[in-house]
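Here are my notes on the model you sent over.

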Amino acid sequence: MTVDTHTGASPVDPSADRPEDADQWSARLRRTAVEALPPQKLLPDRQPAYVASWIYVFGVLTLAALVVVIATGCVLAIFGPTWWHVSTVGLFVNSLHLWSVEVFFFCMVIHLWGKFFMAAWRGRRRATWITGVVCFVVSVGAAFTGYLSQQNFDSQWISTQAKDGINSTGAGAVFNVTNFGQMIMWHIMLLPLCIVVLVGIHVLLVRLRGVVPPFAPPGDSPGGISENDAGHLVGATGRATATDTNPGAVRPDAGTVS
Amino acid sequence: MQISITTIGALFGSLINLNGNGHYVHWGFIQISVANLVVIALMVVVFIAAILIPFRRHGGGEG
């Protein structure tokens with residue numbers, strides 16, 4: 001990459017330092033990223049009117065719970081098992097970690113039910129749906145290895161029960177649930193990394209494709225909002241109601257909520 | 001008046017006694033703990049409530 005102090009705007013790419021820099025991989029990647037997700041779409045101020053329903057709240061509640069899970073998990077990792085089993089504060093943080101996981105799954109399941117009954121894979125949102133489903137499955141694994149990492153009789157009981165199940169799948173040779181060192185590495189490193197990356201992709205896809213609209217009600221209701229398979233917002237008749245090829249953008253006649 | 005954490009813990013702990021054997025529901029080959037069943041029932045209730053309860057819109061909303 002050319003490094004220059006020249007900062008004049010280029011007619012080819014205003015964000016490139018010089019016109020000849022516009023073909024560099026960094027400039028091309030930047031243009032692609034900004035075209036796909038401009039800042040106002042990445043962090044919008046308003047949402048389409050149909051988002052004004054409690055069922056749309058559970059995705060962000062799941063994210064909030066995940067933040068608490070990770071923060072309390074970091075504190076537990078710093079001080080270790082003796083601290084979280086013996087000290088009052090340790091027991092409190094341990095409980096916060098457990099209950100935030102409960103809230104995480106509680107909200108995630110309601111989010112999943114809501115999106116399932118909305119057929120949230122409509123409008124080129126298949127990847128959004130799939131990343132959400134994979135994230136759910138990986139989260140189950142993260143919770144499972146968490147129960148194995150408690151360092152108490154409960155974790156011993158769970159691991160000895162689970163080993164028969166895991167062995168019956170043939171995976172016991174490489175995934176030994178009675179091996180605490182292996183389980184805690186999966187729990188605090190590999191699976192959280194997978195979840196954070198998947199959640200990041202999932203949220204970016206939501207911003208890229210937009211929040212899925214509800215099904216159009218029967219009859220030609222003026223409030224009916226839906227999408228065809230191409231991702232275009234349409235009324236109940238199935239006819240395009242706007243020249244909107246960008247489902248993530250706010251449709252003027254759909255109204256917005258801030 | 002000072003209330004220790006132990007006192008608060010005992011207060012909340014007395015609401016539901018968790019120091020016994022777990023309670024389970026058996027239905028044919030299905031076996032589930034009452035605690036898990038309660039959580040699933042709560043999720044169904046919250047899911048239905050989230051659909052039915054109107055969402056108070058912000059003042060600037062048009063739709």
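**Notes on the predicted model**

1. Start with the overall picture of chain A. Of its 258 residues, 25% are buried. Bear in mind throughout that this is a predicted model. Chain A holds 8 helices and 4 strands, and reading from the N terminus the order is α-α-β-α-α-α-α-α-α-β-β-β. Take the contacts in chain A with a separation of 6 or more: 56% of them join residues 24 or more positions apart.

2. A word on confidence. The predictor assigns the complex an ipTM of 0.75 and a pTM of 0.78. For chain B the mean pLDDT is 81, with 81% of residues at 70 or more. Within chain B, the element with the lowest mean pLDDT is helix H1 (residues 5-13), at 72, and the one with the highest is H2(B), at 95.

3. Now to the inside of chain A. Which residues make up the largest nonpolar core? There are 12 in all: A:Val51, A:Ile55, A:Tyr56, A:Phe58, A:Ala65, A:Leu66, A:Val69, A:Val101, A:Phe104, A:Cys107, A:Met108 and A:Ile110. Helix H3 (58-79) and helix H5 (88-117) of chain A supply at least two residues each, and H5(A) gives the most, with 5. A separate second core has 9 residues, among them A:Ala142, A:Val177, A:Met183 and A:Leu198. As background, nonpolar side chains in soluble globular proteins tend to be buried together.

4. Leaving aside residues up to four places away in sequence, A:Tyr56 touches A:Val51 and A:Val211.

5. H3(A) deserves a point of its own. With 22 residues, H3(A) reaches 32 Å from first C-alpha to last, close to the 32 Å expected at 1.5 Å a residue. Its buried residues are A:Phe58, A:Gly59, A:Thr62, A:Ala65, A:Leu66, A:Val69, A:Thr72, A:Gly73 and A:Leu76. Looking down the axis of H3(A), these buried residues fall within an arc of 150°, so they line one face of the helix. On the other side of H3(A) you'll find A:Val60, A:Val67 and A:Ile78, which are exposed.

6. What covers the buried residues of H3(A)? The cover includes helix H4 (81-86), H5 and H8 of chain A, together with helix H2 (34-52) of chain B. That H2(B) is also the element of chain B with the highest mean pLDDT, 95. After H3(A) comes A:Gly80, with a positive phi near 90°.

7. Compare helix H1 (residues 25-36) of chain A. H1(A) is hardly covered, since 1 of its 12 residues counts as buried. Its geometry is in order: at 1.5 Å a residue the helix should span 16 Å, and the end C-alpha atoms are 16 Å apart, which agrees.

8. Two backbone angles in chain A to look at. A:Arg124 has a positive phi, near 60°, and is a residue other than glycine. A:Arg124 sits in the loop between H5 and helix H6 (126-148) of chain A, and it is partly exposed because 16 other C-beta atoms lie within 10 Å. A:Gln151 also has a positive phi, near 65°, and again is not a glycine. A:Gln151 lies in the loop between H6 and helix H7 (153-169) of chain A; with 15 other C-beta atoms within 10 Å, A:Gln151 is partly exposed.

9. Buried, exposed or partly exposed: what is A:Ala216? The answer is partly exposed, because A:Ala216 has 19 C-beta neighbours inside 10 Å, whereas a buried residue needs 20 or more. You'll find A:Ala216 in the loop between helix H8 (180-209) and strand E2 (226-227) of chain A. A:Val177 is 39 residues away along the chain, and the two C-alpha atoms are separated by 48 Å.

10. Last, the hairpin in chain B. Strand E1 (residues 24-27) and strand E2 (residues 30-33) of chain B pair in the antiparallel sense over 4 bridges. One bridge links B:His26 to its partner B:Gln31 in E2(B). Between the two strands of the hairpin are 2 residues, and B:Gly28 in the turn has a positive phi of about 65°.

Technical notes. Residues numbered from 1 in each chain as written. Chains lettered and ligands numbered in written order. Predicted model: local features only at pLDDT ≥ 70, side-chain atom pairs only at ≥ 80, totals over all residues. Expected span 1.5 Å × (residues − 1). Core = buried A, V, L, I, M, F, W, Y, C linked by C-beta atoms within 7 Å. Contact = placed C-beta atoms within 7 Å. Arc of directions from axis to C-beta. pLDDT = per-residue confidence, 0-100. Pairing = 2+ DSSP bridges.
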